[in-house]
Amino acid sequence: KVLLVLDGLDEAQEHVQRVLRWLQAWVQVPGRSVIMTSRPSAVPKDGDADVLLQKTEFERLELVEMTLEAAQSLASLRLGSEDKSVAKLIADGLVSFRNHPLVRRP
């Protein structure tokens with residue numbers, strides 16, 4: 001079994017269709033799987049690239065935006081009962097990254 005992780009399909013820019021056609025052929029071999037990430041702009045819903053992916057039975061999953069407060073609440077909910085210090089450390093870390101360029105959406 002082989003898992004190919006393709007991070008940043010959107011960086012292929014004008015070659016997105018070419019990359020997707022290659023992936024479509026590549027996953028036809030039994031035992032091959034792909035996890036692919038992209039900004040939504042590279043594969044708009046019902047656009048040519050999205051239709052091509054649907055034909056190959058790719059499953060489209062989208063991340064939803066989460067506020068800092070929701071992320072802190074999730075950290076406390078998931079870890080708070082087990083270890084409050086770890087939950088607080090994660091929540092404090094999230095605060096420190098609030099304005100980091102990698103956290104913001106373009």
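**Helix faces and the nonpolar core**

In helix α3, the buried residues are Leu68, Ala71 and Ala75. Viewed along the axis of α3 in this predicted model, these buried residues fall within an arc of 65 degrees, so they line one face of the helix. An α-helix has 3.6 residues a turn, so residues three or four places apart point the same way. Helix α3 covers residues 68-79, 12 residues in number, and spans 16 Å from its first C-alpha to its last, close to the 16 Å expected at 1.5 Å a residue.

Helix α1 (residues 16-26) has Val16, Leu20, Leu23 and Trp26 as buried residues. Down the axis of α1, the buried residues fall within an arc of 120 degrees and therefore line one face of the helix. Arg18 and Ala25 are exposed and are carried on the face of α1 turned away from its buried side. The buried residues of α1 are covered by elements including β1 (2-7), β2 (32-37) and α2 (48-55).

The largest nonpolar core comprises 13 residues. Within this core, the residues with the most contacts are Leu9, Val16, Leu20, Val34, Val43 and Ala49. Helices α1 and α2 each supply at least two residues of the core, and α1 gives the most, with four residues. In soluble globular proteins, nonpolar side chains tend to be buried together.

Leaving aside residues up to four places away in sequence, Val43 touches Leu9, Ser38, Ala49, Asp50, Leu53 and Arg60. Of these, Leu9 and Ala49 are also listed among the core residues with the most contacts.

Definitions and conventions: Residues are numbered from 1 along each chain as its sequence is written. This is a predicted model: local features need pLDDT of at least 70, side-chain atom pairs count only at pLDDT 80 or more; totals for chains, interfaces and linings use all residues. Side-chain values use heavy atoms; hydrogens and water are left out. Buried means under 20% relative accessible area, exposed over 50%, partly exposed in between (1.4 Å probe, protein chains only). The arc is that of the directions from the helix axis to the C-beta atoms. Contact means heavy atoms within 4.5 Å. The expected span of a helix is 1.5 Å times one less than its number of residues. A nonpolar core is a set of buried Ala, Val, Leu, Ile, Met, Phe, Trp, Tyr and Cys residues joined through side-chain atoms within 4.5 Å.
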